[in-house]
Amino acid sequence: MPATARTQTAAVAPMPTSKGQVVRMATRPVARYDARKIAAAIARNVLPPLVVLAALLGIWQLTCSQAGSSLPPPSQVWIDSYDLIAFPFFNYGSQDIGLAWRVLISLERVAYGFGLAAVCGVLMGAVIGQSVWAMRGLDPIFQILRTVPPLAWLPLSLAAFQNSNPSAIFVIFITSIWPVIINTAVGVRNIPQDYRNVAQVLRLNQVEFFWKIMLPSAAPYIFTGLRIGIGLSWLAIVAAEMLTGGVGIGFFIWDAWNSSRLSDIIVALAYIGIVGFALDKLVAAVGSFITRGTAAN
């Protein structure tokens, strides 16, 4: 029996019978966790990145501690940006706030832009995947538009919306929608013919076919597109905020550069990387939970 499945017997009072015999009641298993196995799993997944990170920090410290170095070493970053590192939620005014608040403001814009891209991308991808003519007509256009860099859309969005916030949301939307469309279309085209035959036998209409056949079958492809899209969304908002201003994490980096605060920029980059990693893992976890039945089949 595996160590994680070990049980211990719960104590129960004996029950006497009419002849004086004692018969014990059925025992109820009590789950126990193997601390050693949990510790080994944590060490296996956490220690290697920590060792690599420590080595990189050591190399960085040795390289940038020399006289004439253009970048500050980690020790100097800690001294210069201690408040940003130790107190991410401080709030001393509209522009003097901690990096955690700036990240949350940027995440709000990402939620709007990426949410719209996810809904529109799945619907358009389903149409393209179902219709050969739609694929032939729209796929070449999408392949061209998806290669346009995020910042190239910013002047047009500013001219159209006359406001920085909707312009940034539009840049997120137009940047992240393409992988969702393309992966959804591929997933719909790869729906097994047996599923389509079942839908015809059951006489499902287009709405029923979309919810009961198309989405479950194409879910792994859809979430692959969503993972790519969320990464592009986070990339786009940081780039857009550098030019549109505000109080987001992107504008903070640009403002720190203008003020020659290199240590603050390094800390902000660490925040951006950690949040981007968390967003990717969140979408992957949701996709794994939703598609577990599909993967089993």
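Me: Before we start, what makes two residues count as a contact here?
Reply: Contact means that heavy atoms lie within 4.5 Å. In this predicted model, 63% of the contacts between residues at least 6 apart in sequence join residues at least 24 apart.

Me: Thanks! What makes up the chain in terms of helices and strands?
Reply: The chain holds twelve helices and four strands. Of its 297 residues, 34% count as buried.

Me: Why is S167 called buried?
Reply: Buried means under 20% relative accessible area, and S167 has 0%, so the word applies. S167 sits in helix α7, residues 164-189. Leaving aside neighbours within four places in sequence, S167 touches L154, S157, L158 and F161.

Me: And why is L53 called partly exposed?
Reply: That class lies between the 20% limit for buried and the 50% limit for exposed. L53 has 45% relative accessibility, so L53 counts as partly exposed. This leucine belongs to helix α1.

Me: How do you know how the span of α1 compares with expectation?
Reply: Helix α1, residues 35-64, has 30 residues and reaches 41 Å from its first C-alpha to its last, close to the 44 Å expected at 1.5 Å a residue. There is also a kink of about 35 degrees at V46, shortly before the proline P48.

Key
Residues are numbered from 1 along each chain as its sequence is written. This is a predicted model: local features need pLDDT of at least 70, side-chain atom pairs count only at pLDDT 80 or more; totals for chains, interfaces and linings use all residues. Side-chain values use heavy atoms; hydrogens and water are left out. Helices (H or I, at least four residues) and strands (E, at least two) are DSSP runs, numbered from the N terminus. The expected span of a helix is 1.5 Å times one less than its number of residues. The bend at a residue is the angle between axes fitted to the seven residues ending there and the seven starting there. Buried means under 20% relative accessible area, exposed over 50%, partly exposed in between (1.4 Å probe, protein chains only).
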